[in-house]
Amino acid sequence: MFHAKKIEPQEAIKCLERVEKVVTVSKFIADGIAKLFPEYKQKLQPVYAGVDLKRFQPRWAEGVKEKREAMLATHGLEDKKVVLCVGRLTDKKGPHLLISAIAKVIEKHPSAVLLLVGSKWYGNNNENDYVRKIKAEAEKLGQAVQMTGFIPPSEVADYFLLGDIFVCASQWEEPLARVHYEAMATGLCTITTARGGNPEVIVPGKNGIVISDYDNSDAFATEIDYLLSKPKKSEKMGRIGRELAELYYSWSRVAWDILSIINDSKLVSSSLETLRQIEQDKEAG
């Protein structure tokens with residue numbers, strides 16, 4: 001939002017002058033603002049977002065296994081290996097690359113299914129040329145690709161339970177997509193792209209995989225094949241993801257970080273006010 005296409009530099013400077021801190025959702029965003037306005041670098045503070053750990057439950061949690069089995073049965077995904085992608089159907093999110101990738105994956109893993117959860121835009125199932133094109137490509141692969149269309153936010157957590165692995169194929173430089181936190185909380189190993197802030201929450205080989213060759217469907221096919229071929233490895237990475245979500249990505253941690261920033265600002269303001277008072281006292285003799 002600080003780019004010249006969004007706001008005039010003079011207006012951006014006015015904004016930066018008036019605030020004590022600017023909280024960003026990733027280091028990527030903080031670095032981007034600092035590059036444009038280096039003199040305000042000290043005001044920038046990344047605070048990673050969070051996830052509702054009670055709403056997004058891992059598959060092994062008490063009572064969740066039954067819900068997952070019911071969801072799989074409802075969608076005809078029993079005995080399938082589900083490669084899950086949750087996000088808008090736009091070229092910026094890269095679902096076309098995943099469709100191309102799954103076409104290669106099913107040659108080795110015939111039980112694999114790509115499940116695309118989402119629509120072109122929030123709140124409806126309107127289509128454009130891009131959506132119609134990827135739907136046509138998906139239909140060529142039969143049941144290997146399933147598309148849910150728009151899912152209300154209140155139901156999204158249940159759809160995360162369907163996945164065996166999670167893939168974010170973003171092609172644009174995202175600030176940091178929230179789905180990463182949601183996938184981790186659900187205990188899913190995550191494949192993401194080295195775009196924007198997305199890789200900041202992935203520890204390669206621990207809770208997921210980062211793809212540098214982000215616009216190459218073969219790169220996605222290779223990593224999906226790797227995780228499907230090593231289910232124990234994938235499960236272990238998913239469990240580490242849940243641990244990281246509990247340690248670092250709860251909303252209570254977000255609140256604590258923001259409170260810390262506010263309290264630090266108050267201390268700085270108080271200190272400055274004290275110094276001003278001392279100087280005024282000196283001048284007054």
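The model is predicted.

Helix 9 runs over residues 231-248, 18 residues in total. At 1.5 Å a residue, these should span 26 Å. The end C-alpha atoms lie 25 Å apart, which agrees.

Now look at which residues are covered. Ser234, Met237, Gly238, Gly241, Arg242, Leu244 and Ala245 are buried in helix 9. Viewed down the helix axis, the buried residues fall within an arc of 160°, so they line one face of helix 9. The face turned away from that buried side carries Lys232, Lys236 and Leu247, which are exposed.

Is Thr190 buried or exposed? The relative accessible area of Thr190 is 0%, under the 20% limit, so Thr190 counts as buried. Leaving aside residues up to four places away in sequence, Thr190 touches Phe166, His180, Ala183, Ile202, Asn207, Gly208 and Ile209.

Turn next to an earlier stretch of the chain. Strand 4 (residues 112-117) pairs with strand 5 (residues 145-149). The sense is parallel, and the pairing extends over 4 bridges. Val117 stands opposite Gly149 of strand 5. Between strand 4 and strand 5 the chain passes through helix 5 (residues 129-139). This β-α-β crossover is right-handed.

How values were computed:
Residues are numbered from 1 along each chain as its sequence is written. This is a predicted model: local features need pLDDT of at least 70, side-chain atom pairs count only at pLDDT 80 or more; totals for chains, interfaces and linings use all residues. Side-chain values use heavy atoms; hydrogens and water are left out. Helices (H or I, at least four residues) and strands (E, at least two) are DSSP runs, numbered from the N terminus. The expected span of a helix is 1.5 Å times one less than its number of residues. Buried means under 20% relative accessible area, exposed over 50%, partly exposed in between (1.4 Å probe, protein chains only). The arc is that of the directions from the helix axis to the C-beta atoms. Two strands pair if DSSP finds at least two bridges between them. A crossover is right-handed if, with the strands pointing away from the viewer, the path from the first strand over the helix to the second runs clockwise. Contact means heavy atoms within 4.5 Å.
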